[in-house]
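Subject: Structure handover

Hello,

Here is the structure for you to look at. Please open it alongside this message.

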Amino acid sequence: MATSYYKEDIKRITEHTLKQDVLNYIDDLEDEAVSYIKDVHSNASKEIIQAGIDTENTIWESIRQEIVNKGYKIVITNDNYGNVTVTMVKG
């Protein structure tokens, strides 16, 4: 009788240990997945911001080039009293 009790006890301990190992593994996987998702999100956000900056710079450069192509120039005057005037003139 003692032998069967001993085997039963070992079987339960082994089951419990295996269950705990699986649960720990799942927790580790979850932590790794969350970390990976955060990293990918951060990198994607940085790429989107950089793409936006690049696009804005391209647009402004195109506008400047079109102004020059049409024969205009931008003149900025500063009266040193805090007033700045930006004018577009032909020629």
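Below is what was found in it, from the overall layout down to single residues.

**Ground rules**

This is a predicted model, so to speak of local features a pLDDT of at least 70 is needed, side-chain atom pairs count only at pLDDT 80 or more, and totals for chains, interfaces and linings use all residues. Residues are numbered from 1 along each chain as its sequence is written, and side-chain values use heavy atoms, with hydrogens and water left out.

**Layout**

The chain has 1 helix and 2 strands. Their order from the N terminus is α-β-β. Helices (H or I, at least four residues) and strands (E, at least two) are DSSP runs, numbered from the N terminus. Helix 1 covers residues 2–69. Strand 1 is 72–78 and strand 2 is 84–90.

How much of the chain is buried? Of its 91 residues, 1% count as buried. Buried means under 20% relative accessible area, exposed means over 50%, and partly exposed lies in between (1.4 Å probe, protein chains only). The chain exposes about 8400 Å². Carbon and sulfur atoms supply 59% of that area. Accessible areas come from the Shrake-Rupley method with a 1.4 Å probe; for residues, only the protein chains shown count as cover.

**The hairpin**

Strand 1 and strand 2 run antiparallel, joined by 7 bridges. Two strands pair if DSSP finds at least two bridges between them. Thr 77 stands opposite Thr 85 of strand 2. Ile 74 has Met 88 as its bridge partner in strand 2.

The hairpin has 5 residues between its strands. Asn 80 sits in that loop. Asn 80 is not a glycine, yet its phi is positive, about 60°. Is Asn 80 buried or exposed? Asn 80 counts as exposed because its relative accessibility is 66%.

**Nonpolar patch**

Which residues form the nonpolar patch on the surface? They are Tyr 72, Ile 74, Ile 76, Val 84, Val 86 and Met 88. Together they have about 590 Å² of accessible area. Strand 1 and strand 2 each supply at least two residues of this patch. Patches are made of residues with over 30% relative accessible area and no salt bridge; like charges are joined within 9 Å, and nonpolar side chains (Val, Leu, Ile, Met, Phe, Trp, Tyr) within 5 Å.

Take Met 88, in strand 2. With a relative accessible area of 47%, Met 88 is partly exposed. Met 88 and Ile 76 are 12 residues apart in sequence. In space they are 8.8 Å apart, C-alpha to C-alpha.

**Charges**

A patch of negative charge also lies on the surface. Asp 27, Asp 28, Glu 30, Asp 31 and Glu 32 gather there. Asp 31 belongs to helix 1. For the count, Lys and Arg are positive and Asp and Glu negative; His and the chain ends are not counted. The place of a charge is NZ of Lys, CZ of Arg, CG of Asp or CD of Glu.

How many salt bridges does a search of the whole structure find? The search gives 2. A salt bridge is a side-chain nitrogen of Lys or Arg within 4 Å of a carboxyl oxygen of Asp or Glu. Side chains of opposite charge can pair when their charged atoms come close.

- Arg 64 and Glu 61 meet at 3.8 Å, N to O. They are separated by about one helical turn, because they are 3 residues apart in helix 1. Arg 64 is partly exposed at 45% relative accessible area, and Glu 61 is partly exposed at 45%.
- Lys 70 pairs with Glu 66, and their closest N and O atoms are 3.7 Å apart. Glu 66 is partly exposed, with a relative accessible area of 40%.

Best regards
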